[in-house]
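Have a go at each task before you read its solution.

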Amino acid sequence: TQMGTYKALGYGVGSIAGKYLAYAAGAAVIGGVAGLFLGFWLFPTIIASVYGIMYTLPALLTPFHHDLAFQSMAAVLLCVVGGTWAACGTAMHAEPAVLMRPKAPPMGKRVLLERVTPLWKRLSFHGKVTARNLFRYKKRFFMSVLGIAGSCALIMTGFGLRDSITLSVEGQFDEIWHMDAMINLSKGMVEEDFNDMCGQLITQERFSQWVTGYQQLSDVENPSRADLKPVKDCYVMAVGRGQEDAFYEMVELTAPGGARLSMDDSGVVITEKLARLAGISVGDEITFTLSGKTCQAPVTGIVRNYVYHYIYLTQDAFEKLSGETMPFSVVYASLQDNTEEGHEQVATALYANPRIAAVTFLSDMRDQVDDSLASIDSVVIVLVVSSAALAFVVLYNLTNINIAERSRELATLRVLGFNDQEMYSYIFRENYLITAIGIVVGLGLGAVLHSFVITTCEIDIMMFVKRAAPISCLYSAAITAIFSVLVNAAMRRKIRSIDMVESLKSIE
């Protein structure tokens, strides 16, 4: 109507288009400036705090990048102004008399659901009306579903991000590692001297079980894939002869499919993320450093692991590959007293020996990781709040447009005797159904988006669980539904204010 008035007053198409495009551009600039603040300061700060779980980072710098700002603002303006032009382009060329007349509502049509006779017959009158109205306004229906699905997907991604990291930590510390402490020597020792030292330091009073072996860091290569870079900082763990069964109790070797694996003297067992980075499958050859020598061995198994890379082998395999007697440099131990006081006693006794370089307690590592995971909550909050705001804005605007365009229809229903509750149900039933469809679509999109985000942000030394907990899907659906209810509550006043006189106005 406003556009028709402008044309009746002699405004040209270019002048009218300029007014609407300027309005859209102004909104885009204001929103874009706010988005630049979030993008250059808030999000990098949150992401850096997440990486602080695994790294000690220097002070974070968040400079303003003019090139990125220009590209971002250009993209926003293109989308907003382009969308405005597409929406107004056809109308701007219509005659003023056509534009100033109220827009006729689309005609009702038979919907596809009516062809499913058994289902259609079982629908109530209100159910049939709702179905016809949804397909009557197809553009608004698909816009609503897309907006709700997008917000639900983002919410699920936020919760899923936390689930993936939490499940990975729990998998490493609760399902794979079962020892209580790792003791590292400053230098490898021959087996006899090492056993003498263990007899003095590792007693039944302190340790219930222990496994001795050799551990070192090595780079790993796939000799058949020259195009792949070497995988850095892999731990090579060789288990002392005859201690394999005790080792399996402390480190669970489980294939990605769930089968329990074991080591043999013919090759090595490697962790899943290492195999993925090096492009290695069971039966392939792997090249790594062993006691200062470059060795090549077949891979006999691939096991689950979420933190760091490991190559496991037996003492016989070590001596066969390196051609020398295996030195001993590490102890995996289960403690009799796995309390803070017990840790202090064990650490005091062990550090009294100058050969002991480090004593690491798994419970302390777990506590540090759990404390660091609190920073993940800030990422979840940002995604949930942003997504919830998107859901509210989409639902509010589309519901407001829906009511405005159907004001005569609703006024007619008021004249026919519909009370407030019946009027609410007539409109909001459609919103609830659209929300339900959007949630179903959004959960599917969320699973895909969550997998993409986790794969993208996964660093080389970690492997994240690529699934969200069922409760997170429930939270995502519930939050989206709650905002739908809030929008409907906010729209009640607008429905109550519909004037019955509107039903007497007809389009001639």
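**Exercise 1.** Find the residues in contact with Thr254, leaving aside its neighbours within four places in sequence. Then decide whether Thr254 is buried or exposed.

*Solution.* Bear in mind that this is a predicted model.
- Step 1: locate Thr254, which sits in the loop between helix 9 (244–250) and strand 4 (268–271).
- Step 2: set aside the neighbours within four places in sequence; Thr254 is then in contact with Ala259, Arg260, Ile302, Val303 and Arg304.
- Step 3: look at the side chain of Thr254, which makes a polar contact of 3.1 Å with the side chain of Glu252.
- Step 4: Thr254 has 5% relative accessibility, so Thr254 counts as buried. The cut-off for buried is under 20%.

**Exercise 2.** Work out how many disulfides the whole structure has, and look closely at Cys152.

*Solution.* 
- Step 1: a search of the whole structure gives 0 disulfides.
- Step 2: for Cys152, the nearest cysteine sulfur is that of Cys473, 8.6 Å away. A disulfide needs two cysteine sulfur atoms within 2.5 Å, and Cys152 is in no disulfide.
- Step 3: check accessibility. Cys152 counts as buried because its relative accessibility is 0%. Cys234 is buried too, because its value is 0%.

**Exercise 3.** Describe how helix 7 and helix 17 cross, and name the residues that make the contact.

*Solution.* 
- Step 1: helix 7 covers residues 138–176 and helix 17 covers residues 470–496; their axes come within 9 Å and cross at roughly 145°.
- Step 2: the crossing of helix 7 with helix 17 is right-handed.
- Step 3: helix 7 brings Ile148, Ser151, Cys152, Ile155, Met156, Phe159 and Asp163 to the contact, while helix 17 brings Ser472, Cys473, Tyr475, Ser476, Ile479 and Thr480.
- Step 4: sorted by class, the residues of this contact between helix 7 and helix 17 are 8 nonpolar, 4 polar and 1 charged.

**Exercise 4.** Now treat helix 15 and helix 16 in the same way.

*Solution.* 
- Step 1: the axes of helix 15 (residues 407–415) and helix 16 (residues 420–457) come within 10 Å, crossing at roughly 145°.
- Step 2: helix 15 passes helix 16 with right-handed geometry.
- Step 3: Glu409, Leu410, Leu413 and Arg414 of helix 15 meet Asp420, Met423, Tyr426 and Ile427 of helix 16.
- Step 4: the contact of helix 15 with helix 16 holds 5 nonpolar, no polar and 3 charged residues.

How values were computed:
Residues numbered from 1 in each chain as written. Predicted model: local features only at pLDDT ≥ 70, side-chain atom pairs only at ≥ 80, totals over all residues. Heavy atoms only, no water. Buried < 20%, exposed > 50% of the residue type's maximum accessible area, 1.4 Å probe, protein only. Axes fitted to C-alpha atoms, helices over the stretch in contact; angles between N-to-C directions. Helix = DSSP H or I, 4+ residues; strand = E, 2+ residues; numbered from the N terminus. Left-handed = near helix turned anticlockwise from the far one by under 90°. Contact = heavy atoms within 4.5 Å. Nonpolar A, V, L, I, M, F, W, Y, C, P; charged D, E, K, R; others polar. Polar contact = N/O pair within 3.5 Å; in protein donor to acceptor, adjacent residues only side chain to side chain.
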